[in-house]
Amino acid sequence: MKTPTTAFPLNAWYAAAYDVEVRHALLPRTICNQKVVLFRRTDGQVAVLEDACWHRLMPLSLGRLEGDELVCGYHGLVYNSQGRCTHMPSQETLNPSACVRNFPAVEKHRFVWIWPGDPAKADPALIPDMHWNDDPAWAGDGKMIRVNCDYRLVVDNLMDLTHETFVHGSSIGNREVAEAPFVATHGDRSATVTRWMENIDAPPFWGGQIRHARGYTGKVDRWQIIRFEGPCTVNIDVGVAEAGSGAVPKDGNPGDRGKGATATCSTPSRPRPTRPASTSGPSRATTASASSASRTSCARAWPASSAKTSWCSRRSKKPWTTTPTTSSTTSTSTPARCGRAG
Ligand code: FES
Ligand SMILES: [Fe+2]
């Protein structure tokens, strides 16, 4: 028995695909256990339909496109991009009930977001802010990775970065991450964890980044600002700056993190569980987009994945020269040019 679709927060936007994944072809995806098929119409708009034919529930993703219409591969019923049947090969009249559900879809921040809940509540203003992905001041990229766990464990992993000390000790982890105090704040739909580590030795990855970006090899002030937005999106602002250079917020001064090496990791998870609802153990996740150093290492720690991950870093005059390793399912980007981070 699989987890019912209703077990998920349905009145929310989910990143179903990267924009470049959606072409004039049929792309099946599962969002909150709802099977859907995406395609790009000839006018460039994205259509999202339920992936089950009205007639005998054949997956429509196994059919074909004819212009902007989708032809079922079983008995040839034709649907327009709104899901309305426009042709039944064996009869002259159309059954007026012959339609499949269509889903609100919006392209933003290089993702195609779909709303699996009540269409009347699908407000594009509620799409999580992931502007780093298409902001010209940032360079970034990513792709979907599959994670064999409940999507909430992906959120847990990203919100609690103390594991970096122990899991990522050769790259982004050091003792201070686990020991430094943090501040947690909450909004209506969000939670933010902020951790500052002042006047420390940079861990290997970040030491390399600030050395290449600024020629600096001394102590650093390091930050992690992790923002969750319900139901399953996390943005992580991470980086290091020269110690004492004014990056740290103090005495009402917000600080200036612009003089360091920085990145933002954006991860919109996508629930895709397959385990029974009665178990609390791992099921399937996710869609994530990310842009930062810690992200790739996280992906490497998981055996398999279903998430989107892109990495964005602020453009700088000097390119990052580190070329971190990645799993085959993760991609990254760096300030002046794209590259892998980990
Ligand atoms: S199942 Fe689609 S036309 Fe019959
Ligand atoms: Fe990690």
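Predicted model: local features only at pLDDT ≥ 70, side-chain atom pairs only at ≥ 80, totals over all residues.
The largest nonpolar core has 37 residues. Those with the most contacts inside this core are A16, L38, V48, L49, V112, W113 and I114. Four strands each supply at least two of the core residues: strand 1 (14-18), strand 3 (34-40), strand 4 (46-50) and strand 10 (111-114). Strand 1 gives the most, with five residues.

L38 shows how the strands meet. Beyond its neighbours within four places in sequence, L38 is in contact with A16, A17, V22, L27, R29, V46, V48 and V112. One of these contacts, L27, is also the bridge partner of L38.

Strand 3 is mostly covered, with six of its seven residues buried. Strand 3 pairs with strand 2 (residues 27-31) in the antiparallel sense, over five bridges. Strand 3 is also joined to strand 4 by five bridges, and these two strands run antiparallel. Here V36 has E50 of strand 4 as its bridge partner.

Both pairings are hairpins. Two residues separate strand 2 from strand 3, and C32 in this turn has a positive phi of about 55 degrees. Five residues lie between strand 3 and strand 4, where G44 takes a positive phi near 95 degrees.

Methods
Residues numbered from 1 in each chain as written. Chains lettered and ligands numbered in written order. Core = buried A, V, L, I, M, F, W, Y, C linked by C-beta atoms within 7 Å. Buried ≥ 20, exposed ≤ 12 C-beta atoms within 10 Å, placed from the backbone. Contact = placed C-beta atoms within 7 Å. Pairing = 2+ DSSP bridges.
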